[in-house]
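Take a walk through this protein model, one piece at a time. Keep the structure in view as you read.

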Amino acid sequence: MIKLSKSVITDNEKKAVMDVLDREYLGMGQDVLQFEEMLTEYFGRPATCVVNGTAALHLACQAAGIGSGDEVLVQSLTYVASFQAISATGARPVACGVDPVTLTLDLKDAEKRVTSNTKAVMPVHYAGGVGDIDGIYEFAKRHQLRVIEDAAHAFGAEYNGKKVGGFGDVACFSFDGIKNITSGEGGCIVTDDENILKKIKDARLLGVEKDTEKRFQGERSWDFNVSYQGWRYHMSNIMAAIGIEQFKKISSISEKRRQLALYYNNRLSQVKNVRYLPLDYTSVVPHIYVIEIMSSKYRDELREHLMNKGIQTGVHYQPNHLLDMFKCEADKNLLITENISSRILSLPLHTELSFDEVDYICDSLLEAL
Ligand SMILES: *Cc1c(COP(=O)(O)O)cnc(C)c1O
């Protein structure tokens, strides 16, 4: 079976985890500090590690003052994590459409859904592409909105020569098992907003004031105050140890993912009734490789056919506005999203995938079309 995605773990990660286990300090301590320092240097501004990407988004929203009665604009075509992170604050995720070419937020559609309750916009960097990010910041400025970037797909990517996450308001990354780099589970928030930084540092440790500093010294707070809703969202040393080793390999990981995507592009460029995302792989590191089939009927037949050939595929994503939890009378007219969702297909992409396997996948796809 050719997997859609997978973690790729070497002896380096195993040894790093064993070192943490040998030291017998498993929680949040020096490894997390080191990982944060590496990420901070990489982004050129502070990175704060948490237990997963959803927690990063939730904390970022909370620290930006988003809560009950507020609305956050977000594309419906995203992982349910984006929606759950918003609703966890008490705010309502307002489902928006996507640009049919890039599958990132459609600003014209988002514009129509702005109300006096709108507090933020959460662009999702679908497959690693940032879409019209300049347009998003211009839109946010015009409506006085915070921008919480769901950059879960975009670790390693650049835009205009800057690291994604290295500019803008707040960016949240995921290091779950199948993301561009992993720390087992994990994520981080990147921002230079002092107010947000202070809040997330406490809020990831149940709101215990200044506990971060204590834990980085191998201690903990006994005499403390709490003035803010917090959560158990910190990262452990075990996770950070994996993350550090993965981070060291970011350039070879990026290179392999890009080469695979370009190889797919090359194989599929002449194929009728199939299109791939127009991403620039000199700056984007693809997290998923998505194709769009011209008919929804074919999509499901194709999935079936590929499965029978031992090839796993995925659908990123089913629209969130169709899920019971997020159904809302106000969120209508998302036909483009619904239509695209029924026709997209994600093909295998991970750093252990070989070019021969990509050939086999493309051959199998072609014989079914
Ligand atoms: C993976 C992902 C998340 C959440 O990250 P976790 O670490 O799995 O919690 C959020 N948004 C998108 C688009 C993702 O792909």
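Glu292 stands opposite Ile344 in strand S12. Helices (H or I, at least four residues) and strands (E, at least two) are DSSP runs, numbered from the N terminus. Four bridges join S11 to S12 (residues 344-347), and the two strands run antiparallel. Two strands pair if DSSP finds at least two bridges between them.

The model is predicted: local features need pLDDT of at least 70, side-chain atom pairs count only at pLDDT 80 or more, and totals for chains, interfaces and linings use all residues. Residues are numbered from 1 along each chain as its sequence is written, and side-chain values use heavy atoms, with hydrogens and water left out.

Now look at the other neighbour of S11. Strand S10 (residues 274-276) is joined to S11 by three bridges, again antiparallel. Val274 faces Ile293 across this pairing. The bridge partner of Arg275 in S11 is Glu292. Together the strands make an open sheet of three, in the order S10-S11-S12, with antiparallel pairing. Axes here are lines fitted to C-alpha atoms, for helices over the stretch in contact, and angles run from 0 to 180 degrees between N-to-C directions.

Buried means under 20% relative accessible area, exposed over 50%, and partly exposed in between (1.4 Å probe, protein chains only). In a regular strand the side chains alternate between the two faces of the sheet. In S11, Tyr289, Ile291 and Ile293 lie on one side, Val290 and Glu292 on the other, and both faces are covered. Helix H11 (residues 296-308) lies across S11 and S12, at about 25° to S12.

Next comes the sheet of seven strands. This sheet is open too, its order is S1-S9-S8-S5-S4-S2-S3, and its pairing is mixed. Strand S1 (47-50) and strand S3 (92-96) are the edge strands, and each pairs on one side only. Neighbouring strands in this sheet are turned by 25° against each other on average, direction ignored. S1 pairs with strand S9 (residues 187-191) in the antiparallel sense, over four bridges. Here Cys49 has Cys188 in S9 as its bridge partner.

Helix H3 lies across S1, S4, S5, S8 and S9, running at about 160° to S8. H3 (residues 53-63) also meets helix H7 (residues 194-203): their axes come within 9 Å and cross at roughly 125°. H3 and H7 are therefore oblique to each other. Angles under 35 degrees count as roughly parallel, over 145 as roughly antiparallel, 65 to 115 as roughly perpendicular, and the rest as oblique. Leu59, Ala60, Gln62 and Ala63 of H3 touch Asn195, Ile196, Lys199, Ile200 and Ala203 of H7. Contact means heavy atoms within 4.5 Å. By class, this contact has six nonpolar, two polar and one charged residues. Ala, Val, Leu, Ile, Met, Phe, Trp, Tyr, Cys and Pro count as nonpolar, Asp, Glu, Lys and Arg as charged, and the others, Gly among them, as polar.

A further helix pair is H2 and H9. Helix H9 spans residues 237-248, and it packs against H2 at an angle of about 35°, with the axes 7 Å apart. The residues of this contact divide into nine nonpolar, four polar and two charged. Among those that H2 brings are Val32, Phe35, Met38 and Leu39.

Focus on Phe35, which lies in H2 (residues 30-43). Is Phe35 buried or exposed? Phe35 counts as buried, because its relative accessibility is 0%. Beyond four places away in sequence, Phe35 touches residues including Cys49, Phe175, Ala240 and Phe247. Cys49 is the residue with Cys188 as its bridge partner in S9.

Finish with Arg215 in helix H8 (residues 211-216). Arg215 has 14% relative accessibility, so it counts as buried. Leaving aside neighbours within four places in sequence, Arg215 is in contact with Tyr25, Met28, Gly29, Leu205, Arg232 and His234.
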